[in-house]
Amino acid sequence: MTLLAELAHELVEGHADAVARLTQQALDQHIPPAEILEKGLIAGMEVVGARFRDNVYFVPEVLLAARAMKAGMTHLEPVLAARGVAPRGKLLIGTVKGDIHDIGKNLVGMMLRGAGFEVVDLGINVPAEQFLVAIRKHDPELVGMSALLTTTMAQMKTNVEAFRAAGVLSRARVLVGGAAVSEDFARTIGAHGYAKDATSAVERARELLEEVKAMREANFSD
Amino acid sequence: MKFTVRFLPEDRSLEAKQPMELMLAAMRCDIWLEQPCGAKQTCGKCRVRVREGKAAVTAADRTLLTREEIADGWRLGCTLVLRSSATIEAPETVRSVAGKPFGDALLFATGFQPNVAKRSVDWKPPTHGQSELDALARALGVESLAGDDSMLADLPARLPARDARVTAVYEGQELLEIESGDTSGRAFGVAFDLGTTTLAAALVNLCDGQVLEAVSRLNPQARFGADVISRIRYAQEHAGGTELHECLREAMGQMVGELAARAGVRELEIYSLALAGNTTMTHAALGADLRALGEAPYLGRWTEERTVCGRALGLPVHPRARVRFLPMVRSHVGGDAVAAALAVGLDRSEGARLLVDLGTNSELMLGCRGKLLAASTAAGPAFEGGNIGYGMRAEPGAIDAVRVSPGGELTVKTIDDQPARGLCGSGLVDAVAELLRAGVILPSGYLKSHEQMTVAPPTLREHCRRLRDGQHGVLLAGTVVLSAHDVRQLQLAKGAIRAAAELLLRHAGLAAGELEEVNIAGTFGNFLRKASLVALGLVPEIDPERVRFVGNAAGVGARMVLVDAEARRRALEIAQRCEYVELAGHPEYEAAFVAALAFPSGKR
């Protein structure tokens with residue numbers, strides 16, 4: 001097994017120490033850090049995502065893998081930053097106002113970091129204004145919102161309208177999720193994407209990221 | 001333009017003058033249909049067949065039904081609106097059956113000291129300077145008496161001008177009624193358990209505390225949502241949702257009327273009511289705004305005990321009857337939890353005792369040497385069949401027990417021995433516990449495939465299938481399958497409950513092993529196998545013999561408050577003293593939840 005394949009394997013198994021050790025080893029062997037990230041860590045999280053989707057893995061296994069990824073990133077991040085390697089995209093995420101459930105949101109954050117995104121987590125009970133301030137500050141390509149209860153879902157609509165009014169949707173796309181949310185609902189409120197679990201969130205995020213990139217480029221060249 | 005809606009197979013009809021929701025039309029015909037996902041159009045379990053007449057096809061119909069089904073007239077019932085004459089067939093699978101034995105197993109002997117007393121005395125019109133109320137009070141041996149405006153207005157008519165025997169009805173120093181002659185043997189009260197899914201009521205003889213009649217029915221609010229959160233959402237989207245209040249009161253009134261009629265009791269002889277409801281139900285019954293209960297920090301408008309008169313709620317009882325709603329703890333831990341704690345004597349528990357109410361909402365209370373703690377969990381609908389592929393309520397045809405023999409024989413039992421058509425909560429718990437023991441399900445929750453069952457007996461292997469969507473599954477009986485997804489749903493539900501239990505123990509400063517007894521309340525609990533519950537890790541590790549099912553403890557508690565002043569006092573104290581632990585946002589919750597997801601490995 002190649003070193004990177006072994007790294008991916010250890011990540012899938014959730015072995016944080018092994019992942020840290022192998023990441024450092026790969027760096028010592030002068031393997032390009034971007035490649036270590038893609039073929040080692042991200043590749044491993046893809047397997048985790050697939051297993052989660054297929055009910056082979058569940059929340060605890062995903063958490064362990066996410067922790068292992070974090071252990072690897074501790075070694076990798078400084079090197080990536082020094083080389084000017086940027087994350088493939090940035091996601092801002094939070095649970096809407098009135099809602100304090102966050103395990104699902106946290107899982108999505110982990111899986112997206114695992115897919116190479118930079119994730120800024122605003123936490124729970126986040127009102128529209130706070131989202132806007134953070135959007136202006138971080139300029140994310142994606143804004144993710146989570147709501148577990150049917151009673152707090154309405155906030156998502158309020159938020160999307162606020163984003164539109166503030167003009168930030170020319171540079172970002174909105175992704176929503178949570179037990180109460182559905183594809184229909186997402187469409188009704190003007191969100192750009194819906195994901196029913198953390199794994200689909202990664203897929204949708206990648207799709208939306210491409211849309212945002214195209215949109216930003218188009219705006220730039222106007 | 002009038003049109004007729006006809007329901008089969010009952011052949012009941014309804015005339016409508018304007019477009020009407022199917023659910024409402026059915027209810028008016030006393031046909032109760034299920035809405036497991038709360039009309040979110042995601043489960044498809046509300047499907048009905050339009051035999052005659054027209055019904056538009058919606059996008060959700062197209063998603064959840066096949067083309068053949070739609071051509072055959074099947075539609076989702078939860079959002080169907082009827083605009084012209086139609087004949088609707090609602091199959092067995094879509095119907096609900098009420099069932100909530102009321103007041104079974106009076107767990108702790110209760111005293112008998114009703115708050116409302118009815119006594120006859122020899123009345124002598126007062127002579128010098130004494131008011132009639134004072135004279136009556138003296139005759140009754142009570143310090144003083146007061147009455148509301150209507151009582152005072154009635155007084156002259158009620159009190160004879162000459163010496164005579166009269167009977168007074170009073171609570172403490174509040175005079176409720178005066179009747180001529182000796183009618184002290186006729187005093188009745190009603191105890192209510194206002195559950196999210198089922199309403200239960202018992203007519204009690206206030207002279208001896210005996211239950212004369214009991215009745216239960218499905219909570220009509222169900223058409224606005226299967227769980228409290230969906231109903232609160234309805235309130236948010238419909239300017240407060242007064243329909244929620246109205247239909248509940250209407251049902252309560254009908255239940256009281258039914259009880260009275262069956263027992264040959266008159267309206268004016270019902271003087272006292274005690275109601276135990278969860279926070280949402282208590283608010284709805286009193287017509288209070290529900291909306292804040294749907295958003296953090298999920299607070300109700302009050303938590304104290306509240307007493308109103310019979311007239312205020314429009315119930316068919318004495319207009320001055322004392323209608324008493326039990327106090328609540330906080331947030332969604334309401335009067336029903338307080339009543340259940342009272343019934344099992346949680347406030348008097350020497351050793352550490354955990355009370356779990358497994359219902360549509362799950363609340364937990366921990367009692368230990370006078371200390372009381374409570375928490376509310378979002379366990380989800382798995383125990384009621386929600387989110388489970390073949391999940392259903394505990395009704396005829398539901399698998400409610402599963403066994404796997406050492407030789408690998410998988411057998412099931414169904415309710416009423418009807419052919420298996422689904423899996424109810426106790427069946428789900430049993431199925432997973434047995435398959436865990438047999439090694440088909442791993443402690444992580446992973447469900448093995450047919451190929452992976454290398455050491456299992458062939459008879460068991462046979463049951464392991466790959467389902468249509470590619471998941472692993474186990475065929476239980478007929479076409480009823482337990483899927484890998486179902487196991488995960490159960491893990492989420494039991495993880496939430498177990499994590500709540502662990503945190504309550506931690507807050508009480510108790511180690512896991514110090515738990516002495518676990519009480520499971522809620523009708524669902526009646527059919528659970530203790531061994532299965534412990535095997536799944538739903539409750540902290542404990543000898544199954546120390547797990548007790550306490551049935552409808554909330555109903556028992558309401559009854560206790562109705563007939564015993566001491567019980568009422570204890571309920572007030574329980575509500576006051578109980579420490580509410582907010583789990584959402586709790587810094588240790590996530591770790592506790594994740595740790596609680598796995599099943600115990602069962603190594604002894």
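Helices α1 and α2 of chain A are roughly antiparallel to each other, because their angle is about 160° and angles over 145 degrees count as roughly antiparallel. This is a predicted model, in which local features need pLDDT of at least 70, side-chain atom pairs count only at pLDDT 80 or more, and totals for chains, interfaces and linings use all residues. Residues are numbered from 1 along each chain as its sequence is written, while chains are lettered from A and ligands numbered from 1 in the order in which they are written.

**Helix pair α1(A) and α2(A)**
- Helix α1 (residues 3-12) and helix α2 (residues 16-28) of chain A have axes 9 Å apart, the axes being lines fitted to C-alpha atoms over the stretch in contact, with angles from 0 to 180 degrees between N-to-C directions.
- Helices are DSSP runs (H or I, at least four residues), numbered from the N terminus.
- The residues of α1(A) in this contact include L3(A), L7(A) and L11(A), and those of α2(A) include V19(A) and L22(A); contact requires C-beta atoms, placed from the backbone, within 7 Å.

**Domains of chain A**
- Domain 1 spans 3-82 and domain 2 spans 89-221 in chain A, with bounds from an automatic or database domain assignment.
- The centres of these two domains, taken over C-alpha atoms, are separated by 25 Å.
- Domain 1 of chain A contributes 10 residues to their contact and domain 2 of chain A contributes 11 residues.
- On the domain 1 side, α3(A) provides the largest share, 6 residues.

**Chains A and B**
- The contact involves 19 residues from chain A and 25 residues from chain B.
- On the chain A side, helix α4 (residues 59-82) gives the largest share, 3 residues.

Methods. Contact = placed C-beta atoms within 7 Å. Helix = DSSP H or I, 4+ residues; strand = E, 2+ residues; numbered from the N terminus. Parallel < 35°, antiparallel > 145°, perpendicular 65-115°, else oblique.
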